[in-house]
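Dear colleague,

Please find the structure handed over below. My findings on its charged side chains follow it.

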Amino acid sequence: MRGRLPKPTALKAIRGHPGHHPKNKEEPKLPEVSSSMQPPPTMDDEARAEWHRLIDTLTTSRVLTHGDIAIFIAYCNYWSEYVRYDEMIKKMGTPFVIIQKKNAKGQDIPGAIYTEWHPARIMREAAYANWRAAAIELGLTPSSRSRVKQDNSGSKADTIDAIRARLRA
């Protein structure tokens with residue numbers, strides 16, 4: 001498939017329809033998450049702190065549904081990884097290591113010194129890329145947030161059971 005992935009209908013409703021394309025009226029609306037929902041026990045302290053920092057905001061703005069919990073958990077865990085590797089680099093004082101080249105016998109080659117990124121820096125950048133992708137999915141970056149329009153209708157999203165009941169009627 002070419003081109004961009006289609007945006008979910010709920011995200012289109014929040015962001016608006018700049019191209020005035022028709023809405024997907026058959027897309028199911030997932031149940032919303034309660035702000036009292038607790039993080040999974042597998043999260044470390046940093047990830048838990050990020051969870052508690054954002055759960056109220058995401059539930060109040062109706063961004064987080066039961067279908068989004070996995071991406072929110074991933075977001076919190078990626079944040080924790082990023083912080084952990086960043087602290088590791090700060091303790092080292094430099095994001096690169098100096099390598100002495102060796103010959104086939106394992107002896108140092110005079111003057112053959114080079115630097116490469118420390119593995120912690122590479123892991124930090126990977127964690128950042130994953131965290132950023134998850135943040136964009138949840139509308140948490142400045143550029144993705146600037147496209148979001150808040151839903152002030154006050155209506156709650158339909159649950160799967162409510163949708164099924166309407167289909168049977």
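Arg 84 and Asp 44 form a salt bridge, with their closest N and O atoms 3.5 Å apart; the term denotes a side-chain nitrogen of Lys or Arg within 4 Å of a carboxyl oxygen of Asp or Glu. Arg 84 belongs to helix H3 (residues 69-92), while Asp 44 sits in the loop between helix H1 (9-15) and helix H2 (45-60), so the pair ties together parts that are 40 residues apart in sequence. Helices here are DSSP runs (H or I, at least four residues), numbered from the N terminus. Arg 84, at 39% relative accessibility, is partly exposed, and Asp 44 is partly exposed at 31%. For these classes, buried means under 20% relative accessible area, exposed means over 50%, and partly exposed lies in between (1.4 Å probe, protein chains only).

The model is predicted: local features need pLDDT of at least 70, side-chain atom pairs count only at pLDDT 80 or more, and totals for chains, interfaces and linings use all residues. Residues are numbered from 1 along each chain as its sequence is written, and side-chain values use heavy atoms, leaving out hydrogens and water.

By the salt-bridge rule, the count comes to 6. Among them is the pair of Lys 102 and Asp 108, at 2.5 Å from N to O; Asp 108 is partly exposed, with 46% relative accessibility.

Arg 124 also forms a salt bridge, with Glu 125, at a closest N and O distance of 3.1 Å. Arg 124 is buried at 15% relative accessible area, whereas Glu 125 is partly exposed at 30%. Through shared partners, salt bridges join Asp 86, Lys 90, Arg 124 and Glu 125 into one network.

Yours sincerely

Terms used:
Helix = DSSP H or I, 4+ residues; strand = E, 2+ residues; numbered from the N terminus.
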